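Subject: Structure handover

Hello,

Below is the structure I said I would pass on. My notes on it follow; please read them with the structure open.

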Amino acid sequence: MKYRISLFFCFLLISMFTNAQSVLVSGKVVDEGGVPLPGVTVLIERTNKGASTTFEGTYAIKALDKEQVLIFSYIGFQTQKVKIGDQTIIDVILQESLESLEEVQVVAFQKQKKNSVIGSINTISPSELKIPSSNLTNALAGKLAGMISYQRSGEPGQDNAEFFIRGVTSFGYANNPLILIDGLEVSTNDLARIEPDNIASFSIMKDATATALYGARGANGVILVTTKEGKKGKAKVSFRYENKFSSPSLTNDFLGAVDYMQLFNRATRSRDESAPLMYSISKIYGTLNGVDMNIYPNVDWYNELFKDFTLNRSANLNVTGGGDIAQYYLSVSHNNETGLLKVNPLNNFNNNININRSNLRANVNIDLTKSTKIAVKFYSLFERYNGPSVSANDIFSSVMQANPANFPKYYRYPDNLGFNHTLFGNKGNGGFPNPYADMVKGYKDRFTNTIFSQVQIEQDLDFITKGLKFRGMASVRTYAENQNTREYTPFYYGMAEVETEEGILNFLYQIQEGTEYLNNPSVNNYGNSNFYYELVTEYNRLFNEIHDIGGLLVFNFSESLNTIGGNSAFSTLPSRNMGISGRLAYNYKTKYFTEFNFGYNGSEKFAKDNRYGFFPSIGFGWIMSNEKWFSEKLPDVNLFKLKVTHGLVGNDGISSADDRFFYLSDVNLNNWDYSYTWGIDYSNSYAGYLIDRYSNTNVTWEVAKKTNYGLEIGLFNELTIQADYFTEHRTKIYMPRDFIPETMGLTTAISSNLGEVKSKGVDISLDYNKAFDSGLILSARANFTYATNKILVNGEPEYLYNYLSRVGHPVNQQWGLIAERLFIDQADINNSPEQFNGFSSSTNSYMPGDIKYTDVNQDGVVNELDMVPIGDPQVPEIVYGFGLSAVYKNFDFSMFMQGVGNTSFFINPQDISPFVNERNALSVIANNHWSINNPDPNAFWPRLSTYPISNNEQNSTWWLRDGDFLRLKSIEFGYTLPEANRGLFNGINSRLYFAGLNLLNFSKFDLWDPEMAGNGLGYPPQKVYNLGMQINF
Amino acid sequence: MKNKLTFILILLIITSSCDEYLDIVPDQTQQIDLLFDREEAAYTALATCYTYLPENDGVYTSYVTMSDDVTTPIAKETDGIKIMKGQQSASSPKLSYWSGYNGQGSLWQGIRHCNILIENIHNVIDMTDEEKNSWAAEAKFLKAYYHFLLLTYYGPIPIVDENLPISATDQQVRVTRKPIDECFDYIVNTIDEAIIDLPIRVLNSNDLGRIDQVIAKSIKSRVLLYAASPLFNGNSEMYSDFVDENGQHYFNQSYDPLKWDLARDASLDAINASLESGINLYQFISAPPSFDSQNFQYEFIRKQYDVKYSIVDRWNSELIWGNSDPVTGNDWWQMQAGCMMKNPNSSSVEAAWQWIAPTLRSVELFYTKNGLPIDEDLTFDYSNRFNTTNVSSLQNLQAQYGNRTAILNLDREPRFYSSLAFDRGYNRTWGGFWNLRMRKGEIHGRIANSNDYLITGYALKKLVHPDSEGDGYSKIVTYSWPMIRFAEVYLNYAEALNESNGPSQEAYNVLNLIRDRAGVKSVEEAWGDSSIALTLNKHTNQDGFREIIHQERLIELSFEGHRYNDLRRWRFAEEYMNNPVYGWSVDQTSEEGYYTIMEVGNRSFNFPRDYFHPISINEITVNPNLIQNPGW
């Protein structure tokens, strides 16, 4: 928007200096396509004199003498200087600037000149977000200083990364940043599905000055995405096609049936020397010899269920262009994403994940009159999902639950015994997990539509006062989902032994009758919509070349319908938010900057008196490098900027979406769980009541007080460094008061705004760009984010032992027992404190080889009072990334490394303990466990058991793992074909490339992909090999 | 200029409607005041007071299995059995009345809801004062009863006579435990206050199950009996060190014999009130099923019907307070589903779980046919009781003539045959009369390796309605679980009489009422006959008579959830609940094999810790003013 101001300025200047004696120069300014450029600034070097091109691109200016130089500058184009000499007509062709966006910065509700921004905002080029994944959120980690991000699952469609701006700074309900696409608040899924090709700018806003205008919703930071708009000129077409091979980054290794059975028997005897053995010698030998797979199955469930790799494709086509009246940007894309699941040849339906997404984006700008502009944006996403009837993530986890020796996935008999169904394997009376049957027994068919449309009108109000502008915007987003799940009931068969005169015979028997047809589908329909309106008045004016004043006033209101789901009274009501925000900015000689921002917002969630929150912020900046003395002394430092901001930001997402209207109590007056019945025949029944929430009119906004100290340095025009140090004090965090005893008789906890968290951290980014004379263009980029926090006030009881308190520890700190080692012998147990009184006298008793814990409080018993903070927080405190890219002639190469630090997680022993319920066993446990023969007090796994040992399943340092990792996140080689300049292919410019994702991993933890942390048995993150092609013409 | 004005105007219009825009909750959402608006709505508040009554008729909520007289296979352990095996823990207490369990809310919530009703019932428009007072009295009684239940399992407890406001400070909510005498006094006084406004006896068929004076007086008799019992009366042996932060003893340290007088008087009062309301010991007066019409000539059989139906007959004349809200909907969660044997003729066996099995200890508890303990009856071959013998023709009402069964199963009192089912005995159920064959491989024995089996070889008939069938949920005949029945009040009276005054004819007479209904000889006849009684005239001294009263109580009230409490209040718990329980070898097919005694589970009782349940660690942490029970 700012360039329009400068444009106006030029007019002003022209009118001031037209009476001087001089040479008259005129001409026309066009772009490379020959399209006239209106509003180009034409300035005479070292003077204040200038002009501006007309709508036809023509200009006229009076210069004092021929030695003067004209400077042609225009937003989005490279500035050109031309010496007048003898010319009186100077026509100029301006080259488009690739770094044009660097000059203006998208900030809240407007764009500012980059150098005048004092808020902490990081912007990256959309090309940085291009990785071989159809999920944009997977690309975020390590790319933006200030963003903490990690990805726990690789399941197509469910693989959103978690991301937080400057870490988790609250333990309240919502920690996630506000995501805005073209000004409209959207969900993480919407962000995930946006095509990097369509992004014009991607920024995160971190401090109070940058986010205060979002008042209510900006406390957790803001992600701001704008999509590309049309540019004047002839149509430019760009087409991209990619083929991706995707395979798990790391898979778990399980025991084969023979090893499994032997170890199972040992586990049985390990706890009870006289216990009968589950697997007979003949069964083990039969399996070893592979006699009959029906009777002696040896199932590698992982391979039975999953393929080694899968193929995904994506294509994107976009066209941009336009004339004087209208400019357009159109994009269509399609991508096809598939899962790793195998399909049963007997089914005629596909139970593998197969997602087809098509999206269309049309952004059209219309110049209605010289001062009135209309922008229309339209976006639709149609997604067709086909997949298993149960969650694919669960299928992955269920490999751990299956048993390799009990039964095959299905019994193979010639002609299938003549039946029209699969003879799925099971055992005994059934009920044992057969993940294959679960996977192939049905499929889920879903389609979803997202439609987004937006219209914006912009009006120059120069006729009222110079520099005044008004715009209004209305956006609607609707989402609809329709899902059908179809399943048949599997037929289960078991193999039984009978003794006959001829010896032991095996016969197949039916355990469970199923259906040979798909049962009626279970249907799930869901939809929601958001409406958003904003009215903006903007004022920008430069007085006397030194006083630059900017003002902004925004009025906005929004409504969301049925975004929550559920059928409670509160969840079905709309959510609404409204507010006024403003900005007042002033800079003196582009050296000294100050800015005041505020947001004044209301939320429907709170009582009338506490409904509105006022969130002001203030900031100062100083571009030292613009001082004369500085540039003289340090000419190599092309930028040196200091900035400091301070302010408040709010958050109304303090509780789950159906827990709103805190000023009302939530009472269920018709609760049949609390009913009672009287009467002779038990028929005089009355429902009871249940208080789900006690009313609290004082509940209000969560408030973050943020301070940011920033430094920007530019060296040799090659290296840019941006560093911020921040602190945040989050108060009024809504949380339950956990210190109310049962004797109060409350049916629910009482919550109030009492929590407080203090955070701090640094984020640094480095950018290096250099073009060598040899033609090599090198750029490097590095980001580092460190964010840590500690709880100051927590609604917790006064613990008898200080270490139980969460106060002073990070929000995501984990507590657990200190495991010393495994018990050596019975005497060791007898001489140690009793662990969890009660277990000692039960079937859960612990034995030598089970975990020994420290009695921290020395009260003679180990229990939850001995749990101390252990390890690092679950959410990493450090996220970093660094990469390099090089272009030489027709070749290009880039790579990016990404890592996290200061994080730990627990292996959940309940998930992987072998043999419990006859489940599978990980090889690592077979190789390294405590036994009489291997009484290693530090073995990976304690004494084996075929049933759960509660003592060993406690959260403790035994199961704590370091979650740090560094991975080769992406790597890319490209080759640009020499441009053909004749015939059919004239002007076509194409590039072939190979890209890889997650190819290498460095970590201390090797059981599974460490990024999955505690969810290691789920759908693993993917390793992707991508072949792509891009064509521009 | 015109544009400017329009713009400002628009802005003004929009901002002025701000407040309405954010008021989106429609009127008439559910608020608590609406409860005390009309009588019909107030029933919701009343139901909520009652809903916290513990479900002793539910398998997983019942205290019945928390005992040494029944057990289950390992795979089917209920929380009660787990506690018996020593798995109670302060980290996550099982069957916790304090913190709630298995879907049952904390009794403190029940108390809060009673107080809410008491505070607000006067707001109701369409009720008379008398009705309001009567409802408030019901809530008051329930409040006292909930305090009593907490006292029974936790000893000294905080008293919550009035609700603390939601806005109470952290310090205010940290209540302290009160000495047990203060707790007992509070409970008794509150019951007394309630009695004034309660109806004498609720007879309206719609209201059965609601509290009346007879119920209140009978429960009061139980409360005072507990207060006088050794666990709570002068227990300096176990609790001399158990003091509050001021050094005051939670348990009174000197025995007060006058407490028995209070129990005696309250019991007599309850007996009189019951009799005036037509309550009596139950007699079966209906026509017997056809298969028993011949047998009904024998008193031995008739007495079994009397005893049996005194429990399972809905709203029978002996029931003082029956549970009118049985575990339904999910009928198979009833205690009787857990006890019920599977009908071998039925293809579906869903509702019969048959895994709650009486242990040998309960088998040995019942009297001989002479009304004497099996080790005190000279005619009973006590030392060979685990051997088998031929069932003689004279014993064919007890077991199958010509078959062999354990000596232990023969020549016992009618209550034995009415309550327990055994191999080669009978079962009158599934619409007929069954000869039981319970060894492995036999028709009523353990099926394959099913986890649903009777691990001791005995089935519990007492709690199963004979018309309940195991082939469908709808065929379970639900009855009103006895919260208190008349026989108990008699037993309370007899015990209190003996403790306060020693043996007396009045006490014998009271006990004989129970014995007569059960079909055994009177105390004097049984113990005064030198040809049968090993310890002649045991009933004539206070200690001997105490033993007799104790055993009578354990037999009569067996499997009704009293044993655990009685053994504790007499301070016998560590004696009974700290050793294994036994049964027959049910996985054996042969007679010798089957009739071999086998350990079927342990019982662990940590003295004195396990006399009371632990308060959860979390609660102690939240409220540092609460002092944990000793040993936990």
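Strands here are DSSP runs of E, at least two residues, numbered from the N terminus. With that in hand, the nonpolar patch takes its largest share, three residues, from E31(A). Please keep in mind that this is a predicted model.

Surface patch

The nonpolar surface patch covers about 840 Å² and is made by A:Leu584, A:Phe596, A:Tyr600, A:Phe614, A:Ile618, A:Phe620, A:Val644, A:Tyr709 and A:Tyr725. At least two of its residues come from each of strand E30 (592-603) and strand E31 (612-623) of chain A. A:Tyr709, another member of the patch, is located in strand E35 (residues 702-715) of chain A.

Interface of chain A and chain B

How many residues of chain A are in contact with chain B? The count is 72 residues of chain A, in contact with 82 residues of chain B. The two chains bury about 6,700 Å² between them, and 62% of that is on carbon and sulfur atoms. On the chain A side, the residues that lose the most area to chain B are A:Trp678, A:Tyr682 and A:Tyr689, together 13% of what that side buries.

For polar pairs across this interface, the rule finds 20 residue pairs in polar contact, both residues being at pLDDT 80 or more. Strands E27 (522-543), E28 (547-561), E29 (575-588), E30, E33 (666-678) and E34 (684-693) of chain A each supply at least two residues of the side that touches chain B. The largest share of that side, ten residues, comes from E33(A). Two salt bridges are found across the interface of chain A and chain B. B:Arg174 and A:Glu798 form a salt bridge through their side chains, at 3.5 Å from N to O.

Salt bridges within the chains

Side chains of opposite charge can pair when their charged atoms come close. Over all chains, the count by this rule comes to 86 salt bridges.

- In chain A, A:Glu242 forms a salt bridge with A:Arg240, with the closest N and O atoms 2.8 Å apart. Both A:Glu242 and A:Arg240 are buried.
- In chain B, the side chains of B:Asp68 and B:Arg361 meet in a salt bridge at 2.5 Å, N to O. This pair links distant parts of the chain, 293 residues apart: B:Asp68 is in the loop between helix H3 (39-50) and strand E1 (70-71), and B:Arg361 is in helix H15 (residues 360-365). B:Asp68 counts as buried because its relative accessibility is 0%.
- Also in chain B, B:Asp261 and B:Arg264 form a salt bridge through their side chains at 3.6 Å, N to O. Both lie in helix H11 (residues 258-276), three residues apart, about one turn of the helix. With 18% relative accessibility, B:Arg264 counts as buried.

Beyond these pairs, salt bridges that share partners join B:Glu318, B:Glu413, B:Arg415, B:Lys462, B:Arg485, B:Arg515, B:Arg517, B:Glu552, B:Glu556 and B:Glu560 into one network.

One more residue

Is B:Ser134 buried or exposed? B:Ser134 counts as buried, because its relative accessibility is 14%. B:Ser134 is placed in helix H6 (residues 129-154) of chain B. Leaving aside residues up to four places away in sequence, B:Ser134 touches B:Asp197, B:Leu198 and B:Pro199.

Regards

Key: Residues are numbered from 1 along each chain as its sequence is written. Chains are lettered from A and ligands numbered from 1 in the order in which they are written. This is a predicted model: local features need pLDDT of at least 70, side-chain atom pairs count only at pLDDT 80 or more; totals for chains, interfaces and linings use all residues. Side-chain values use heavy atoms; hydrogens and water are left out. Patches are made of residues with over 30% relative accessible area and no salt bridge: like charges are joined within 9 Å, nonpolar side chains (Val, Leu, Ile, Met, Phe, Trp, Tyr) within 5 Å. Accessible areas come from the Shrake-Rupley method with a 1.4 Å probe; for residues, only the protein chains shown count as cover. A salt bridge is a side-chain nitrogen of Lys or Arg within 4 Å of a carboxyl oxygen of Asp or Glu. Helices (H or I, at least four residues) and strands (E, at least two) are DSSP runs, numbered from the N terminus. Contact means heavy atoms within 4.5 Å. Buried area is the accessible area (1.4 Å probe) that two parts lose on being put together, summed over both. A polar contact is a pair of N or O atoms within 3.5 Å; within protein, one must be able to donate a hydrogen and the other to accept it, and residues adjacent in sequence count only if both atoms are side-chain atoms. Buried means under 20% relative accessible area, exposed over 50%, partly exposed in between (1.4 Å probe, protein chains only).
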